[in-house]
Amino acid sequence: MSARRIWVIVPAYNEAAVVGGVVAGITRAGYRVVVVDDGSADATASQAAESGAIVVRHPFNLGQGASIQTGLAYALVEDAEILVVFDADGQHRAADIAVLVDALETHGADFALGSRHLGQAVNQPAARRAVLRAATWFTRATTGLDVTDTHNGLRAMTRRGAQHIHLRQNRMAHASEILHQIADSGLKYVEAPVTIEYSAYSLAKGQTFGDALMILTDLFARRLHR
Amino acid sequence: MIAQLILTALLFGILFYAWIEYRRAPAVGLFAVLAALGGLYFVWVPAHATRLAELVGIGRGVDLIIYVWVVISLLILLNLHLKLRAQMELITALARELAIANARARQSPQ
């Protein structure tokens, strides 16, 4: 698979401080990058563009789930063969993209889900670990998917897989929603070991216990209407 | 009697609202129908309302009717919230189309 047919989608909101470095790391490996600027008030879009990304700008802030879906839609229009979702806050390693792509090809799967539990979580606070464990338990119970890390932003999918994803959860509940849609698609998925490196910056940007409650509310509300 | 007629008219309004909303949000529609039917029954058979109220420890039948009304109001609030979410989905789809079209136009300016 040519790296040029692999599109990396980076949803970003007010990430001017780090997005340039993140994009540069991905483009150095030869991948195409689309940064979805989710209505940032800072220089996220210009930093990303200067570092070699195509920038798709939401006219206003919609949320990470909406940004990922926009990135998937854009990459599909651009004839991407493999689509990778990658966080903008610098906690993922560009080298792990190859690990996910390799997992897709080796196992003939349509989805490769990054797992910090099979790989490494560097500098992960205990409270964050506890929340993630609870989220993993909840998602395993509700989706039936045998996964070890449900809220890992690093995922790869084939074109066919991406065509089965239609995220309607604009905010953080998309992480659970995408797993439900993977389960519903009946397509093959694998987990692959990746490294998540927590920094003071990524922790400040990360989710809190209140966010976890909001995610549960969003998932519940989504089930109440068509 | 006047109060009963007014409450009946309002509860029939809720039934109509629930019927309209059932297709879009079945859970909300169903609960609203049940609450409105329960309310209608208690408005016209207040003795049963009083007996049920005593059974569940509320005290007076009229209080039970007020509680039913509160439940209906909360259901309508929930429904408004769901409508706002549905509208947000439409806005998101529109914003997405716009964002992608703009990005593609920038990539191929001619």
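**Close-up views of a predicted model**

**View 1. A:Leu83 stands opposite A:Met157 in S6(A).** Welcome to this predicted model, in which local features need pLDDT of at least 70 and side-chain atom pairs count only at pLDDT 80 or more, while totals for chains, interfaces and linings use all residues. Residues are numbered from 1 along each chain as its sequence is written, and chains are lettered from A and ligands numbered from 1 in the order in which they are written. Strand S4 (residues 82-85) and strand S6 (residues 155-158), both of chain A, pair in the antiparallel sense over four bridges. Strands (E, at least two residues) and helices (H or I, at least four) are DSSP runs numbered from the N terminus, and two strands pair if DSSP finds at least two bridges between them.

**View 2. Seven strands of chain A form an open sheet with mixed pairing.** Their order is S3-S2-S1-S4-S6-S5-S7. At the edges lie strand S3 (54-57) and strand S7 (189-197) of chain A, each pairing on one side only. On average, neighbouring strands of this sheet are turned by 25° against each other, direction ignored. Here axes are lines fitted to C-alpha atoms, for helices over the stretch in contact, and angles run from 0 to 180 degrees between N-to-C directions.

**View 3. Chain A meets chain B.** The contact takes 20 residues from chain A and 18 residues from chain B; two residues are in contact if their C-beta atoms, placed from the backbone, lie within 7 Å. On chain A's side, S3, helix H3 (64-77) and helix H9 (209-224) each give two or more residues. The largest share, six residues, comes from H3(A).
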